[in-house]
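Let's take a friendly walk through a protein model. Have the sequence and the 3D view ready as you read.

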Amino acid sequence: MKFYRVMAVSRKVFRDVANDKRSLAMLFLAPIFAMCVFGLAFSGDVEDVNVIIVNQDQGYTSPMGDTTYLSETIISNLDTKVLNIKNMSNVDEARQQVIDGKASAVIIFPENFTQNALLKTQDPSYPDSAEIIIQGDDSITNIKNSILQTVNQALSDTMTAEGVEPALKITSDPIYGKDAEFIDFFVPGILAFVVYLLTTILTLITFVGERVNGTLERVLASPVTEGEVITGYALTFGVLGVVQVALLLAVAILAFNIIVVGNVLLAFLAVAILAISCQALGILLSSLAKRPEQAIQFFPFVILPAFLLSGVFWPIQAIPAWLRPFSYLVPPTYAADACRAVMLKGWGLTKIWPDLLALVIFALLFLGLAVWSLKRGKN
C-alpha cells in the first residue's frame, strides 16, 4: 500500500464532496438538526395533563369548633405545571370527560375524606379509612405515573405543612388501560412509525432510481398520466402498509401479549391511509434528489421529526410546550393516536374520525403535490 496513492484518493473524495454543495450542506446541517431535535425532545417533562377534581369532602369539625379541610390543602399543593385542573361536582359527568378523551383522569375526594383521615390517625381502630380515588386513562403509562407522583407529592407537602400523619391512601381505578404496561403504549406507535419510515424511504429511493435509470421518463412518455402513476403507487403501498401492520401486530400479540380491546381493522385503516400519505411524500422528496446518494441525505429530516415529535415513544405532553404544535404537522402523530385509541381504549370510528380525517388531508395534500412534482419534472 502506497501512502501517496491513499492521499490521492482522499483528495479526490474531498474535492467531490466540496463540489457537491448539497452534500456539503447536509454534512453539517444534519448533525446540528439531529442534536437540536434530540436535545429539545428529551429536555421536557410531562406537563399540561388535563385532570378533573371532584371534591365532595365535607371537612371535619373538631371539639374545639375548628373545621379542617385536608382536601383543599392537598389540591392547593398540586403542581399546576403538570396538571391542568378543572373542578366539577358530578362524578359521572367527570368520568364521561375521561371516556371521551377530554381529560386524562378524575381525582375524587369522598365526602368523609378529612373526617376519616383525622379520626383514623387519632384511633387506629376507627373502621373507615380516607382515600383519594383516581379514575383515569392508564393506557399512557407516563401520564398515569406523572399524575400519581404529583398527587403523592401534594399529599406529602400537606402532611409536612399540617404536621400530622393521617391514615389515608390513593386508590387507582382505571377507566382505560387496566393493567397496561409500557409495551402496550409502545406497540401502536411502532406500527405507525415503521410504516411511515419504510414507506417514505422505500418510495424515495425507488423513485430516484427510476428517474436515474430513465424508467419513469419512459412510463410518462406512454399514455399513462401522472395521476395514474401516483395512484398506482398509493394502492401498492397502502396494501403493503396493511401487510406490515398485520405482521407487526401478530408478533406483538404472540410474543409480547399486548392488549387489544377494539377492532384492529380500524387500526389497519389508519395505517393504510398513512402509507398512502408517505408514498406521496417520498415521491415529492424524490423530485429534489438527482441521484440515490442525495436521496439518502433526506433520511435524518424524514426520520427524526417522526421519531421524536409524533408521540411514538413518549406522550406529546412530555415534549416542551412550544414544540408541541409541530407534532401535529407529522402524519404518524395521528396514526399512532388512532391505533392506541382502538387497541387500548376500544374506540370506534365515531371517536377516531378526527385522526382519520387528518390523515386523509395529509394524503390528499401530498398526493396533489406529488402529481404536481411529476408534471413539473416532465415539463
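Predicted model: local features only at pLDDT ≥ 70, side-chain atom pairs only at ≥ 80, totals over all residues.

## Helices lying on the sheet

What holds strands side by side? Strands of a sheet pair through backbone hydrogen bonds, and the pairing can be parallel or antiparallel. You can find both kinds around strand 5. Strand 1 (residues 49–55) and strand 5 (residues 105–109) run parallel and are joined by 5 bridges. Within this pairing, Val51 has Ala105 as its bridge partner, and Ile52 has Val106. Strand 5 and strand 6, in contrast, run antiparallel, with 4 bridges between them. On that side, Ile108 stands opposite Ile133 of strand 6.

## A closer look at strand 5

Is strand 5 enclosed or open to the outside? Buried means under 20% relative accessible area. By that cut-off, 5 of the 5 residues of strand 5 are buried, so the strand is largely enclosed by the rest of the structure.

In a regular strand the side chains alternate between the two faces of the sheet.

## A buried threonine

Next, move along to helix 7 (residues 182–213), where you will find Thr200. With a relative accessibility of 0%, Thr200 counts as buried. Which residues does Thr200 touch, not counting residues up to four places away in sequence? They are Val195, Cys278, Leu281, Gly282, Leu285 and Val302.

Thr200 and Leu285 are 85 residues apart in sequence, yet their C-alpha atoms are 9.0 Å apart in space.

## Salt bridges that link parts of the chain

How many salt bridges does the structure hold? There are 5. One of them joins the side chains of Lys81 and Glu47, at 3.6 Å from N to O. Lys81 lies in the loop between helix 3 (70–76) and strand 4, and Glu47 in the loop between helix 2 (21–42) and strand 1, so the pair ties together parts that are 34 residues apart in sequence.

Another salt bridge brings together the side chains of Arg324 and Asp48, at 2.7 Å from N to O. Arg324 sits in the loop between helix 12 (299–309) and helix 13 (332–345), while Asp48 sits in the loop between helix 2 and strand 1, so this pair ties together parts that are 276 residues apart in sequence. Here Arg324 is buried, with a relative accessible area of 11%, and Asp48 is partly exposed, with 30%. Lys351 also forms a salt bridge, with Asp100, and their closest N and O atoms are 3.6 Å apart. Lys351 lies in helix 14 and Asp100 in the loop between helix 4 and strand 5, so parts that are 251 residues apart in sequence are tied together. Salt bridges that share partners also join Glu47, Asp48, Lys81 and Arg324 into one network.

Leu269, Leu349, Trp353, Leu357 and Ile361 make a nonpolar surface patch of about 490 Å². Which helix gives the most to the nonpolar patch? Helix 14 (residues 349–378) does, with 4 residues. Leu357 has its place in helix 14, and its relative accessibility of 42% makes Leu357 partly exposed.

How values were computed: Residues numbered from 1 in each chain as written. Heavy atoms only, no water. Patch = residues over 30% accessible without salt bridge, like charges linked within 9 Å, V, L, I, M, F, W, Y side chains within 5 Å. Areas by Shrake-Rupley, 256 points an atom, 1.4 Å probe, with all protein chains shown as cover. Salt bridge = Lys/Arg side-chain N within 4 Å of Asp/Glu carboxyl O. Helix = DSSP H or I, 4+ residues; strand = E, 2+ residues; numbered from the N terminus. Buried < 20%, exposed > 50% of the residue type's maximum accessible area, 1.4 Å probe, protein only. Pairing = 2+ DSSP bridges. Contact = heavy atoms within 4.5 Å.
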